[in-house]
Amino acid sequence: MTSHTSTTTKTPKPAPTDPAEIVEAVTALSAALTEIDGAHRRIRHRLAHDLGFSTSELTAIFLIGSTEECTPKALSAELDLSTGAITALVDRLDRAGHVERIAHPTDRRSQLLTLTFRGEEAFESIAGTYNAAIEDVVKTSPCVFDQGLIDCLLHAATAIDAAAARD
């Protein structure tokens, strides 16, 4: 008996045009994204607790570690914190040995924030825990190999960012 795998490609289902289908799709995608947002908040809270950070400090470590040139001003904008609050946060992370300030190479009024070895360890722990959760999804959900799903999620992120940027 011979077995073979089908290589038939699915044609993507067209976007809905019927108002009722649109409402149903918006409701379903919104609910799923709300669940993901809640899960992100919960994992950030748990990781912050495990690593001895506040959630703002954990987010700062992640942003500094994943941004090529992170300045206090950029960190302030991302975390929606005042300049004074960012200074205090960076001071705490600096004293704890996670972050250091270096002179900005082109703007003498600014600094770049970089992770120290200890900060890199925290960053790797954060990324490792998150990636382990995503690995479980990849191993158990064949839909993650559907480029349409990835495109849909990326489009949703872009649309949500655009809505956030509107005045």
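Hi everyone. When I say helix today, I mean a DSSP run of H or I with at least four residues, numbered from the N terminus. And please keep in mind that this is a predicted model.

Let's start with Glu57, which sits in helix α2. Is Glu57 buried or exposed? The cut-off for buried is under 20% relative accessible area, and Glu57 counts as buried because its relative accessibility is 10%. Look at its side chain: one of its polar atoms lies 2.8 Å from the backbone nitrogen of Ser54. Setting aside neighbours within four places in sequence, Glu57 is also in contact with Gly52, Leu89, Arg92 and Leu93.

Now to the inside of the protein. The largest nonpolar core has 22 residues, and the ones touching the most other members are Ile61, Leu75 and Val99. At least two residues of this core come from each of α1 (19–51), α2 (55–66), α3 (72–79), α4 (83–95), β2 (111–115) and α5. Which of these gives the most? That would be α2, with five residues.

Beyond four places in sequence, its contacts are Ile61, Ile64, Val90, Leu93, Asp94, Leu113, Thr114, Leu115 and Thr116.

Last stop, the surface. Here Tyr130, Ile134, Val137, Val138 and Phe145 make up a nonpolar patch, and together they have about 440 Å² of accessible area. Tyr130 belongs to helix α5, which covers residues 117–140. With 34% relative accessibility, Tyr130 counts as partly exposed.

Technical notes: Residues are numbered from 1 along each chain as its sequence is written. This is a predicted model: local features need pLDDT of at least 70, side-chain atom pairs count only at pLDDT 80 or more; totals for chains, interfaces and linings use all residues. Side-chain values use heavy atoms; hydrogens and water are left out. Patches are made of residues with over 30% relative accessible area and no salt bridge: like charges are joined within 9 Å, nonpolar side chains (Val, Leu, Ile, Met, Phe, Trp, Tyr) within 5 Å. Accessible areas come from the Shrake-Rupley method with a 1.4 Å probe; for residues, only the protein chains shown count as cover. A salt bridge is a side-chain nitrogen of Lys or Arg within 4 Å of a carboxyl oxygen of Asp or Glu. Buried means under 20% relative accessible area, exposed over 50%, partly exposed in between (1.4 Å probe, protein chains only). A nonpolar core is a set of buried Ala, Val, Leu, Ile, Met, Phe, Trp, Tyr and Cys residues joined through side-chain atoms within 4.5 Å. Contact means heavy atoms within 4.5 Å. A polar contact is a pair of N or O atoms within 3.5 Å; within protein, one must be able to donate a hydrogen and the other to accept it, and residues adjacent in sequence count only if both atoms are side-chain atoms.
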